[in-house]
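Please read them beside the coordinates.

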Amino acid sequence: MGRSLSVIGGAALLAAAIVCGSGVAFAQATQKPGQPPQMNMANMDHRGALSGRVRDGAGAGQANVTVQAVSQENGAMFSATTDAQGNYAFGALPVSKYEVSVTRNGLTAYRKRDVDIAMDGKAQLDITLDAASAASAADFERQDLLAKIATLEQRITDLESSTVLSEPETRVRRVEVFVDPSGGEHDEPVPGAKKEITYRRERTYRRQTISEKIDAALEDAAKKRVTVGVDAAMATQFATRSRGETDPANGAYALASADLFFTAGIAQNTLFFADIVGLSGAPPDSQIPTLTLINGYTARLVEQNSLNLREAWLRTEVYKNRLAFIAGRLDLTNYFDANAFANDESTQFISDALVNNQMLGLAVNGVGAATEFDAKNGFKAKFGFQQSSPEPTSLGDSLFTLSEVGYTFTPFKLPEGNYRVWFRTDNSDPDVIRKGAGLSADQKLSPAVGLFGRYGQQQTALGDDRFYSGGFSFAKAFIFNPEDTWGVGYAQMDLASGDKEKLVEGYYNLLLTEKLRLSFHLSSVLDRPAGGERFAYLFPGIRFQAAF
Amino acid sequence: MFTSRRLIVAGAVLLVALGALGVGLQAQGVKISDPTSVVMIVNRDSNDIAFMDIKTKKLVGSVFLGNNVNPHMVMMSPDGRYVVTGGTRANKAFIIDTKTLQLVKTIPVDIAPEHLAFSPDSRWYYQGNPEGDSISVIDMQSLSKIKTIPGFAEPLNVTFLPDGSKAYIGNYGAHWVGVVDVRRHELVKKIPIAEVPGVSKLDPEKYLGEIHGINIAMPSPDGKYLYAADGTLGIVGVIDPREDKVIKHIRVGKDPWRIYMGHDGKYAITPNNGDETISIIDLKTNTVAATLEAGPNMTGVNFAAGKAFVISSTSGFVYVYNMSSLKPAGRIKMGTNIQLETATTDTKDEKMYLAESTNHEVLIIDGKTEQVEHVKNVGLFPWGTHIMDSKDNYCH
């Protein structure tokens with residue numbers, strides 16, 4: 001409605017301007033020297049005269065030259081023509097300041113502003129048409145043109161600033177209101193009123209560009225979507241036997257993995273997550289009997305060439321988002337012992353001994369629940385339980401529990417470090433609960449160098465198994481590209497059964513694009529089976545990973 | 001008798017004089033006598049600048065700028081005489097008299113004016129026009145635009161050297177900082193912050209997509225160096241203003257929004273929206289002292305009571321960090337389904353004034369106790385706040 005009124009108002013103004021302009025045009029008059037002026041009786045008492053002589057550069061009078069006088073106040077135009085001697089005269093010009101000009105052959109030969117015509121005055125203006133007057137007139141024209149261009153530019157700027165959406169925006173707000181005993185609603189507290197929450201539509205007037213509006217709509221739509229993530233990798237490894245007679249002597253292996261992640265926000269602070277994984281190929285672990293997995297992806301290989309539901313859970317956060325509950329089909333190792341430098345087979349070390357603490361002991365994902373408390377002051381506590389049997393008969397069958405306490409701080413003026421201690425129980429063996437415990441730390445020594453270490457111990461029927469690992473990680477320095485990382489690590493496993501393993505790995509992870517990584521790995525493993533012959537292998541390998 | 005009559009006359013004259021003086025003062029309409037006593041609030045959708053008394057927490061006035069102006073950032077001149085703002089959708093700069101809260105001048109500038117700065121002597125007001133790729137130079141003596149400096153790429157923030165000789169312009173649409181000679185008001189040098197890595201050609205989506213360049217070249221508290229964070233490159237470049245060249249690169253987290261200087265001169269912080277961390281930079285060694293977990297969509301960092309307060313705009317949280325131990329110190333829940341904007345800190349480093357646009361309020365956070373007080377109905381869509389002489393005056 002307001003806009004309609006504006007348009008009508010604008011049109012009316014425009015019409016008025018046209019009428020005024022026409023009036024100015026109608027005010028044009030032509031006077032000849034010696035002739036009585038065409039007088040407007042109403043203004044007769046206020047007019048003044050202007051006269052003079054038009055000469056050329058040599059001083060000769062110029063006949064039949066038209067002299068024009070334009071009022072600077074209202075644009076009224078008057079003209080007079082010179083006689084044979086070059087004289088011209090405006091007998092009665094309304095009081096104003098005038099711009100006087102002479103045009104010859106289509107070009108302005110003379111122009112002068114601010115010629116003052118006073119009430120009953122007689123002004124004299126002699127005009128010389130020479131090169132100087134022409135140059136001055138040309139400069140005048142140029143200035144005039146520049147002024148018009150500036151005006152035009154300003155109008156374009158105004159137009160640009162107005163070509164945006166200025167329709168009112170509607171949004172719904174959650175507001176606190178105060179309801180008095182009589183049921184009246186107030187925005188501010190009143191005596192006896194009860195505070196209540198309600199929702200209220202609000203309208204604001206904000207100009208938005210079209211692109212801003214589109215961005216807002218896309219963002220809004222994105223919030224309602226199910227997000228799909230993909231993590232696809234192919235790890236090729238070559239095995240070269242360096243010690244012992246174990247078969248095979250040499251071989252090439254490749255394992256391709258594809259993870260599909262689905263995430264959706266389904267309520268306030270509540271998230272649904274599902275991970276479907278498919279693997280295909282032959283890892284070295286299918287043939288080489290090392291204690292730990294040489295290819296960390298092998299842990300996900302349940303069945304060749306088929307998709308498996310790896311995880312599907314709901315997570316909700318309460319208590320100012322400090323406390324999180326997760327329940328569903330879980331991989332508890334994702335939530336425990338999350339070492340910053342050695343916990344991801346897709347971007348860091350590929351050997352499982354440098355991805356997971358081998359004493360955590362989980363083999364199969366299952367139904368479970370976990371809770372995380374993050375005080376946001378560096379302290380974190382977690383507890384979770386999960387079934388780790390492919391075919392459980394009851395909830396208590398093959399049940400793992402895991403507990404962890406962690407702390408983040410900056411010790412000894414070093415950058416940040418994360419320190420954790422965990423404890424687990426496992427009732428997989430009938431009539432006995434096996435226990436395990438471990439430590440995990442990752443500490444930055446400088447912005448470029450990080451140190452990590454793990455220790456784990458678990459009970460078995462034969463005694464205690466032990467596991468150690470440690471190493472360095474490098475980023476932001478000693479690299480080819482800004483976001484490359486590399487690391488070296490060592491892991492050792494000593495089982496109560498007498499089996500032992502020592503493993504060393506180095507990797508360089510090259511970030512080709514935000515979504516594509518290429519890693520080079522070299523692992524060396526020495527295994528000493530209890531009562532068996534030692535054997536050792538060298539595993540050079542390449543890993544391609546695409547994640548988006 | 002004569003004496004008492006003279007006394008009566010004298011008293012009457014005095015009363016009249018006092019009355020006249022009072023009327024005079026009233027006529028002048030002094031609304032703010034101490035420019036340091038107020039918090040200025042930019043209300044984007046009600047198109048006004050509101051002034052809140054720091055002591056009483058009441059609005060003492062507001063200046064309406066015009067329909068659909070959408071002011072972006074407000075700043076008081078260092079001499080406290082004027083308050084200025086750029087109207088993003090009006091393409092104009094607005095100058096307000098601090099004492100009377102009168103809009104004294106509206107000056108057309110270039111397209112979409114947002115952030116601005118004053119020269120230390122209050123003479124020049126540089127208005128950045130990100131969509132016009134220019135800086136408008138406004139003379140605060142004549143209150144007129146004297147020049148438009150072209151040649152920038154989405155100029156987002158302006159900072160002056162303490163001696164006022166040069167101004168540094170952060171270009172969010174490029175990877176360089178512009179150096180302006182303030183005597184001539186001319187762009188005299190472009191300082192590239194870092195080389196784009198060789199693998200960039202493999203990643204056109206990142207490098208040829210929306211560029212996240214340099215938000216601001218921020219002077220260190222001692223004024224010796226300038227620090228400029230580049231979002232796409234994930235680097236902070238340290239500029240020596242004596243030679244106007246980068247003397248050190250500091251690699252921080254992903255997509256740093258900009259750098260914020262701690263008040264004690266020891267540390268600075270970059271909120272890294274790409275990986276939802278903050279990088280704490282040791283200004284003595286120019287290295288990252290710690291990288292700590294933070295929240296999504298961070299829009300600002302304030303310092304008070306020995307702590308850093310990092311605003312995570314969409315999560316409704318302010319993350320707190322102890323600047324002595326450099327470790328997380330909890331987070332403050334400001335609300336649910338709200339949008340936090342930016343904040344300013346008082347000159348005592350005690351309280352912060354955070355604009356919250358969803359409920360049209362300003363949240364006052366006590367730095368020591370972390371208690372939050374709500375000041376409601378400050379105007380529609382409060383977008384930012386400003387206190388004269390605050391060390392944390394910034395905008396989005």
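Predicted model: local features only at pLDDT ≥ 70, side-chain atom pairs only at ≥ 80, totals over all residues.

1. Residues are numbered from 1 along each chain as its sequence is written, while chains are lettered from A and ligands numbered from 1 in the order in which they are written.

2. Chain B holds 2 helices and 32 strands, these being DSSP runs numbered from the N terminus (helices H or I, at least four residues; strands E, at least two). Its radius of gyration is 23 Å, close to the 21 Å that the globule rule gives for 396 residues, so chain B is as compact as a globular protein of that length; the radius is taken over C-alpha atoms, and the rule is 2.2 Å times the number of residues to the power 0.38. Along the principal axes, the C-alpha atoms of chain B fill a box of roughly 100 × 50 × 40 Å.

3. Of the 396 residues of chain B, 52% count as buried, a residue being buried if 20 or more other C-beta atoms lie within 10 Å of its own, exposed if 12 or fewer, and partly exposed in between, with C-beta atoms placed from the backbone. Among contacts in chain B (C-beta atoms, placed from the backbone, within 7 Å) between residues at least 6 apart in sequence, 44% join residues at least 24 apart.

4. In chain B, 4 strands form an open antiparallel sheet in the order β12-β13-β14-β15, where strands pair if DSSP finds at least two bridges between them. β12 (155-160) and β15 (186-192) of chain B stand at the edges with a single partner strand each, so one side of each lacks a neighbour in the sheet. β12(B) pairs with β13 (residues 166-171) of chain B over 5 bridges, in the antiparallel sense, and Val158(B) stands opposite Ile169(B) in β13(B).

5. The contact between the chains takes 29 residues from chain A and 38 residues from chain B. On the side of chain A that touches chain B, α2 (131-162), β10 (169-179) and β20 (399-409) of chain A each supply at least two residues, and the largest share, 4 residues, comes from α2(A).

6. Tyr419(A), in strand β21 (residues 417-426) of chain A, is partly exposed, with 17 other C-beta atoms within 10 Å. Leaving aside its neighbours within four places in sequence, Tyr419(A) is in contact with Gly406(A), Tyr407(A) and Ala441(A).

Notes. Contact = placed C-beta atoms within 7 Å.
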